[in-house]
Amino acid sequence: MSSPQIRREDRAMSQERILEMLARGYAGHIATVSEDGFPYCIPLLYLWLDGEVYLHTTAARGHLRANIERDPRVCIEIDEHEGVFDYGRFECDSGLAYRSICLFGRIRVVGDTGIKQRFCETLMAKYGKPDTTRPKGFFPRLDVITVYAVAVERMTGKETSMPPLSEQWPAKDRTKTPNVSAPTIRR
């Protein structure tokens, strides 16, 4: 697998930070390539479990399943945003505080009922309501879901932190085009 360099190395996340974000993230966007060559991307809840990404869909065959049966290579993107901040005098002098990771690997269907059961239990532990009075650990419809596992071959991550107010405009002016004045607004 090719391993392109991150263009902004100053924003690269450490492996430890990538794994932390991967464990706490909410939804991932999984991308596959359709038969006609166009990308196909959908959001799914996921789990980071035993060094792989697990996700699920209905057992009914659809676009995702057709794509991965033809080509198991996938990319999963997970992001968090903290907010937009101003760094200069002009409206376009804005930045985004964010964290984003991309995982590249190969996906497979998990057929083992024990693993599917563990997936569902762990999924409910992460996303379910902890105070529910419904029976726990009982999943009578395991046969109508498909659980997938992604063997991750490469992970990358980038982040930009929210600067303190003392580093944001107007306290500090980091306008990208310092020799240009803002236009006068006429009323």
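Predicted model: local features only at pLDDT ≥ 70, side-chain atom pairs only at ≥ 80, totals over all residues.

Trainee: Which residues touch the most other members of the largest nonpolar core?
Mentor: Ile 30 and Leu 55, out of 33 residues in that core. A nonpolar core is a set of buried Ala, Val, Leu, Ile, Met, Phe, Trp, Tyr and Cys residues joined through side-chain atoms within 4.5 Å. Buried means under 20% relative accessible area, exposed over 50%, and partly exposed in between, with a 1.4 Å probe and protein chains only.

Trainee: And which element gives the most to this core?
Mentor: Strand 6, with 6 residues. Helices (H or I, at least four residues) and strands (E, at least two) are DSSP runs, numbered from the N terminus.

Trainee: What is Ile 30 in contact with?
Mentor: Beyond its neighbours within four places in sequence, its contacts include Tyr 40, Leu 55, Val 74 and Ile 107. Contact means heavy atoms within 4.5 Å.

Trainee: New topic. How much space lies in the largest pocket?
Mentor: About 620 Å³. Of the 22 residues that line this pocket, Cys 120, Met 124, Arg 134, Phe 138 and Phe 139 are the closest to its centre.

Trainee: What counts as a pocket?
Mentor: On a 1 Å grid over the protein atoms alone, a pocket is an open set of points where a 1.4 Å probe fits, with protein on both sides within 12 Å along at least five of seven lines. Lining residues have an atom within 4 Å of a point. Volume is the space filled by probe spheres set on the points, which are joined across faces, edges and corners.

Trainee: Where does the largest share of the lining come from?
Mentor: Helix 3, residues 113-127, with 6 residues.

Trainee: Leu 123 is in helix 3 too. Is Leu 123 buried or exposed?
Mentor: Buried, because its relative accessibility is 6%. Setting aside neighbours within four places in sequence, Leu 123 is in contact with Leu 45, Leu 47, His 56 and Gly 128.

Trainee: Now Thr 146. Where does Thr 146 lie?
Mentor: In strand 6, residues 145-160. Thr 146 is buried, at 6% relative accessible area. Its side chain makes a polar contact with the side chain of Arg 65 at 3.5 Å.

Trainee: What is a polar contact?
Mentor: A pair of N or O atoms within 3.5 Å. Within protein, one must be able to donate a hydrogen and the other to accept it, and residues adjacent in sequence count only if both atoms are side-chain atoms.

Trainee: Which side chain does Ser 100 join in a polar contact?
Mentor: That of Glu 77, at 3.3 Å. Ser 100 is in strand 5, and Ser 100 is buried at 19%.

Trainee: Which residues does the cis peptide bond join?
Mentor: Trp 169 and Pro 170, with omega about 10°. Pro 170 lies in the segment after strand 6.

Key: Residues numbered from 1 in each chain as written. Heavy atoms only, no water.
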